[in-house]
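Biologist: Hi, could you put the chain up on the screen? I'd like to walk through it with you.

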Amino acid sequence: MDLDVARQAIRDATFEPEHDAVARLLDRDERSKRLKRQVQTQARRLIEDCRAHRDERSLLDAFLDQFGLSSTEGVALMCLAESILRVPDVETIDALIADKLRGNRWGDHIGRSDSILVNASTWGLMLTGKVIDMGQDIQRDFGGWFNQLVNRMGEPIIRSSVQYAMQLLGGEFVFAATAEQALEQAAPGELYSFDMLGEAARTDADAQSYFDAYEHVLTLLAGSAPDVPIDRALGISVKLSALHPRFETLKRNSVLVELYPKLQRLAEIAARGGLQLTIDAEEANRLDLTLDLVARLAGEPSLAHWQGLGLALQAYNKRALPLLAWLRVLAEQTDRRLLVRLVKGAYWDTEIKRAQELGVATYPVFTVKAATDLAYLACAQTLLAHPGQFFPQFATHNANTLCNVVNLAHGKPYELQRLHGMGELIYARARERFRELPPVRTYAPVGPHKHLLAYLVRRLLENGANSSFVNRFLDDETPIADLTRDPAIKVIETSRRIALPPDLFAPERGNSRGYEIQEPAHLVALERGLEGFAAHTWEFGEVVVSNPAIPAQPVGSFSPTAEITLDGLLETGVAQQFHWNELGGSARAAILRRLADALENAGTELMALLIREAGKTLDDAIAEHREAIDFCRYYANQAERLFSQAVELPGPTGESNKLVLQGRGVYLCISPWNFPLAIFTGQITAALAAGNTVIAKPAEQTPLIAERVLQLAERAGVPPGVLQLAQGAGPNVAEPMVKDPRVSGVVFTGSTTTAKRIQACLAERAGAIVPLIAETGGQNAMIVDSTAMPEQVVDDCLRSAFGSAGQRCSALRVLYLQEDSAAPITKMLMGAMARLVVDDPWQIETDVGPIIDLVAKQALEAHIDACRDHVLYQTPFKQNAPGYFVAPTLIEIGSISELSKEHFGPVLHVARYTRDQLDTVLNDINATGYGLTLGIHSRNSRFAAHVFDNTRHGNVYVNRNMIGAVVGVQPFGGHGLSGTGPKAGGPQYLPRFAMERVHTENLTAIGGNAALLADEG
């Protein structure tokens, strides 16, 4: 097989339907019935043996048996273990301890474990360093006893004791803090693969630091390693995302140029020292780029005689078997034998969530645990069948998997692997049962506790969840038969499946189709679709519209609506409204669903328009396109539910009372340029769904998208005159219509100043009092305390402040950092900003596109110039670029009160606060009068609750970014200066566009109450 053909097979399998992937696994299962029976017997005896010797298990195994992701207490302890040793200030530590330890049901775990150390940490959480004698009264009210203990002993003692306890717990997960300590602790003759703790780098400095750590440990190992065969050599595991701050497909060119020399350097050190170097498996969307580097490294002439190159392979990934086929071809072509560490996978929840958020067709991983177990065995058979190309390294703590591997191997060379602190018991008992058991290598994490979180979470997901063998095999309440049933049988018996991303909102509506642009198959398809619109112009009139990234490049043209024409639009809208309303909710819903399909089918064209007319990056264009589709389907569903039939109301007998919703008349929809497709579509479809006719006034900067949507709406069945466009400047078009009494309602998204002008015009005009639905700006803040994970804060700040070039009403404007952790977070943020690419968004590498026009650019630059003495950092970019670009800028301020208005662009202000100033900060935020979005980053749930309870923002996001609200999931809209409500994309939105009518009829007047008389009989 050709290497390129094998590579394409991997890409084709990425989003293969799970049913097809499982069917292929069942077809490939070559194990005989006799072997399966033998394995079942061996696994049962092994589990029985382990249960009989459970007192020999490690503290970590005992801990996971008692605590884990299945209990709030386990999550609380994990949170403490991750964060307490990196929180710099004692006040926050005390608050974190109080948040995590008080209020949970610790008493439920008293005496439940047969491990004295686990019971000690449960009873007293090692508060005194010894087991606390607890009477029955204490066990009945552990919470009250614990609170009394805290009050009696004092917070400093509690703090130091819990810190010590967490240090012990963290020590169970982490092999050593430094490479030197790891070598000292390594048992002579034992095999290890050292994993330098640390996840994806956010800055060049991070990447260099991780590289230095890898280089250092390899140098130490090379100097101390005896002359042993490569199969028995020590080694390290390398995360490629730790070696480059932008390890992603869209940055492929810079990754290959900057990362590869570092990887080659590490491999050459390993080769000279006779060591193993295994490239760790990471998220699914990093695989393709990883294989680029693996292929290049395998073919490197300087490494031709080194047989220590390895790769971790995840069995939960549907691409596992095609990946093995590719690796086999690679090994043959480069005349080498590859080390392959076969694991089941530890990013499962991340992959599921990401696929759901992206709206792709299916998942890149198996959703059923038994399918992963079956895939593991299929991969094991392939690895063992090709000893010339592979040296298999089977990482497992599962008795059934272990027994299968031993029986499949038949004396072929391989090794087993386990995680540090886990699996000692099962491997100790297995060695007594299987004399031919090969060496067991320990995967040993090395590093400081501040890097513990991501590793800790992955290990818990892999080995602490309820479905995990590790969490259940010593539990007497779990039948051994459940643990030893063959995965081929279990996968057939399993009927439960996680809903596919397209069905996420079923049965109410379909999810919009999305793309994983980090996967080459999706990216290539999108690029091909976009190519046809690279030079296309959309002609709708005589006024030229230019590309904000390349102002000399025309995108198309439109015709402004003359003021004399407005009267005709209004007359037509009034005339058509009765018939449109009479269609009813179900008929209107059908048209809106057809519009959703039309928008979806025109996806690449609309994305191209968003990129070229509105300056969107591809990622932002995809998200906006999907949001427009979601609005159509969500409001269609609402129209069907709310407008199809009357609501029967209670009343006296002999009387009928019904509530009906109907359209109000002609709605004026005024949409902004920053979401020219999503908000434009959301406004008009809401008004149409409620039975109104619509005059849509798009922003003058982005008229072409509106024209194209209008065409699609007409093709979808919106009757002529029901939806009309009014193009041009607001004072010339919108203002005259706002003043016209034939307009029955206005929906507006834009600045607070303009919203107030509209409100004043409506109040002053003659005729009926009509509703104004306004969603305006926000002076949006994010509040970060010192328990927050710095890497997560930085990731979410970049997305929230600089996504869409900061031109979102929800964008982060002011970042509040607790003084104790402000310096390192600010430093990391600046380093991450340095890696942002500011350029024409037609280039897929671009992170930050242009500002919408020259006026907006000049306003932002004036603000930056005024704050020049307080500018901390600006992202460099090509200053001679022709477009309206503004560098992402970080400005230090004292308080949000220093900002007199919103600065709509890639400008982030950062302020510091001390713990005792938190309420002052919240008061300052509230005093701005805005109430749109608010971000909170904290491991302390009480801190997050306090911030939420003492602010009045419409959308509050905890430990995530602040943008990208999803229709029907995070209804969007604010309060005060940020809008009138109700929330767009929410259940209360459509009724605001409607008129309520009650129909009351006296049934006794036409012959009496038949139902009442019938009851007499």
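Modeller: Here you go. Let me begin with a cysteine: Cys-797 is buried, because its relative accessible area is 1%. One caution before we go on is that this is a predicted model.

Biologist: Noted. And Cys-379, is that one buried or exposed?

Modeller: Cys-379 counts as buried, because its relative accessible area is 0%.

Biologist: How many disulfides does the structure hold?

Modeller: The count is 0 disulfides.

Biologist: OK, let's zoom out. How many helices and strands are there in the chain?

Modeller: The chain has 40 helices and 28 strands. Of its 1017 residues, 60% are buried.

Biologist: What about contacts, how many join residues at least 24 apart?

Modeller: Taking contacts between residues at least 6 apart in sequence, 77% join residues at least 24 apart.

Biologist: And the surface, how much of it belongs to carbon and sulfur atoms?

Modeller: Carbon and sulfur atoms account for 52% of an accessible surface of about 39100 Å².

Biologist: Remind me, how do strands of a sheet pair in general?

Modeller: Strands of a sheet pair through backbone hydrogen bonds, and the pairing can be parallel or antiparallel.

Biologist: How many bridges join S12 to S13 here?

Modeller: There are 2 bridges between S12 and S13, which run antiparallel. Within that pairing, Glu-648 stands opposite Lys-658 in S13.

Biologist: And how many join S13 to S28?

Modeller: That pairing has 9 bridges, with S13 and S28 (residues 994-1002) running antiparallel. Val-660 stands opposite Arg-997 in S28.

Biologist: What happens at the turn between S12 and S13? Which residue takes a positive phi there?

Modeller: Gly-654 does, with phi near 80°. The hairpin of S12 and S13 has 6 residues between the strands.

Biologist: Where is Leu-649 found?

Modeller: Leu-649 is in the loop between S12 (647-648) and S13 (655-663). Leu-649 counts as partly exposed, because its relative accessibility is 34%. Together with Val-647 and Val-998, Leu-649 makes a nonpolar surface patch of about 240 Å².

Biologist: Nice. Switching to charges: how many salt bridges does a search of the whole structure find?

Modeller: It finds 53 salt bridges. In one of them, Arg-246 pairs with Asp-847, and their closest N and O atoms are 2.8 Å apart.

Biologist: Why does that pair tie together parts of the chain?

Modeller: Because Arg-246 lies in the loop between strand S2 (235-238) and helix H13 (252-258), while Asp-847 lies in the loop between helix H35 (819-833) and helix H36 (854-866), the pair ties together parts that are 601 residues apart in sequence.

Biologist: Are those two residues buried or exposed?

Modeller: Arg-246 is at 14% relative accessibility, so it counts as buried. Asp-847 also counts as buried, because its relative accessibility is 17%.

Biologist: What about Asp-567, which residue does its side chain meet in a salt bridge?

Modeller: Its partner is Arg-742, at 2.6 Å from N to O. This pair links distant parts of the chain, 175 residues apart: Asp-567 is in helix H26 (residues 563-582), and Arg-742 is in the loop between helix H32 (730-738) and strand S17 (743-749). Asp-567 is partly exposed, because its relative accessibility is 41%. Arg-742 is partly exposed at 22% relative accessibility.

Biologist: Last one: which residues are linked in a network of salt bridges?

Modeller: Such a network links Arg-7, Arg-11, Arg-252, Asp-288 and Asp-292.

Conventions:
Residues numbered from 1 in each chain as written. Predicted model: local features only at pLDDT ≥ 70, side-chain atom pairs only at ≥ 80, totals over all residues. Heavy atoms only, no water. Patch = residues over 30% accessible without salt bridge, like charges linked within 9 Å, V, L, I, M, F, W, Y side chains within 5 Å. Areas by Shrake-Rupley, 256 points an atom, 1.4 Å probe, with all protein chains shown as cover. Salt bridge = Lys/Arg side-chain N within 4 Å of Asp/Glu carboxyl O. Helix = DSSP H or I, 4+ residues; strand = E, 2+ residues; numbered from the N terminus. Buried < 20%, exposed > 50% of the residue type's maximum accessible area, 1.4 Å probe, protein only. Pairing = 2+ DSSP bridges. Contact = heavy atoms within 4.5 Å. Disulfide = S-S within 2.5 Å.
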